[in-house]
Amino acid sequence: MDLDLSPKLPSEVYGSDGGSYFAWSPSELPMLERGNIGASKLSLQKNGLSLPRYSDSSKVAYVLQGSGTAGIVLPEAEKEKVIAIKKGDAIALPFGVVTWWFNNKDTELVVLFLGTTLKAHKAGEFTDFFLTGSNGIFTAFSTEFVGRAWDLEQNQAKSLVASQTGSGIVMLKDGTILPEPRMADRDGIALNCEEAPLDVDIKNGGRVVVLNTQNLPLVGEVGFGADLVRLDGSAMCSPGFSCDSAYQVTYVIRGSGRVQVVGADGKRVLETTVKAGFLFIVPRFFVVSKIADNDGLEWFSIVTTPNPIFSHLAGRTSVWKALSPEVLQASFNVAPDVEKLFTSKRTADAIFFPPPN
């Protein structure tokens, strides 16, 4: 069966003066449904508030632009965690977490959400349940139930249910005061990928920060890992695949470059140019490689296992280096001198290859 792996942009789902919510649809990006993956993006203008909600999916949020405040209520917690967020922050959001997002700055705040929809209502889509607003849970219950549940008089319940006429995203008045962030609340929940220690750093090649259970413990509850990759201008990312049955979900943050994906039966299933804002998904065990254009290429990815393992087909850590010369000669059907030339290359480079001189 042919797979459509073409990178796609999201479509706006809803919005207001306070901002907009965008999502990638399985009808346009079929790999979302096939891989049980969800992807969306939140954009907030100054004083924009994304109302409290929970989701049917576990996610990782990544701040693409701007800064602001996020409120997070973990399951069974008696108090919310309030954190300051800024560009480069990754936030783990397990099942059952209630969140709100607020932009108190002049610059637009943009947050990317990537996650798994294995237990969601719809494969390949996030479904959010809002606590307040015209489409919120509060509004749907009768005033009798609201009054009984929260010990309110009928007139008080009516006032509460009808007070928030906006839905999803609202614009707050200037001077509205929300809770102040607490630095201690970030522990174990958020990590700034642009400031974290590098897991890979290759001169003129690229850099990687990997999110896993060691540097972001809540990743274990989310159920998948993530990484931020920066590929330098004209550098190459080695052909490789996830060897633990994981999908690779990639959002291009900055720059542009070329991507090739090879699948079963030695068939090239994708050859395209990607640019900022596009999302694409690499199926399990398929081999992917990227070459950045002159301005470089930066992307944020999730891999659908908490501590992913990759095998690379070129470079110092290539599986070819581990195979015996006799097997290589027989497999390629070449003379010993050709095999020696092949294995003598890329003996120092790993994962990223700087551009040719």
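Visitor: Which strands each supply at least two residues of the lining of the largest cavity?

Guide: In this predicted model, strand 4 (48–55) and strand 9 (98–102) each supply at least two residues of that lining, and strand 4 gives the most to it, with three residues.

Visitor: Why is this space called a cavity?

Guide: The name applies because a 1.4 Å probe fits there but cannot get out. A search of the whole structure finds one cavity of 30 Å³ or more, and about 110 Å³ of space lies in the largest cavity.

Visitor: What makes a residue part of the lining?

Guide: A lining residue must have an atom within 4 Å of a cavity point, and 14 residues line the largest cavity, with S55, K59, L93, V97 and T99 lying nearest its centre. Sorted by class, the lining has seven nonpolar, four polar and three charged residues.

Visitor: How do you know that strand 18 and strand 19 pair?

Guide: Pairing requires at least two bridges, and strand 18 (residues 248–262) and strand 19 (residues 268–275) are joined by seven bridges in the antiparallel sense, so these strands do pair.

Visitor: What do strand 18 and strand 19 form, and which residue in the turn has a positive phi?

Guide: The two strands form a hairpin with five residues between them, and in the turn D265 has a positive phi of about 60°.

Visitor: Which residues does UniProt list for "domain: Cupin type-1"?

Guide: The unreviewed UniProt entry lists residues 3–158 and 196–340 under that name. Over residues 3–158, the chain of this model is 14% helix and 44% strand, and the end C-alpha atoms are 52 Å apart.

Technical notes. Residues are numbered from 1 along each chain as its sequence is written. This is a predicted model: local features need pLDDT of at least 70, side-chain atom pairs count only at pLDDT 80 or more; totals for chains, interfaces and linings use all residues. Side-chain values use heavy atoms; hydrogens and water are left out. Helices (H or I, at least four residues) and strands (E, at least two) are DSSP runs, numbered from the N terminus. On a 1 Å grid over the protein atoms alone, a cavity is a set of points where a 1.4 Å probe fits but cannot get out, and a pocket is an open set with protein on both sides within 12 Å along at least five of seven lines; lining residues have an atom within 4 Å of a point. Grid points are joined across faces, edges and corners, and a volume is the space filled by probe spheres set on the points. Ala, Val, Leu, Ile, Met, Phe, Trp, Tyr, Cys and Pro count as nonpolar, Asp, Glu, Lys and Arg as charged, and the others, Gly among them, as polar. UniProt positions are given in the numbering used here, feature names are shortened, and annotations may be inferred rather than shown by experiment.
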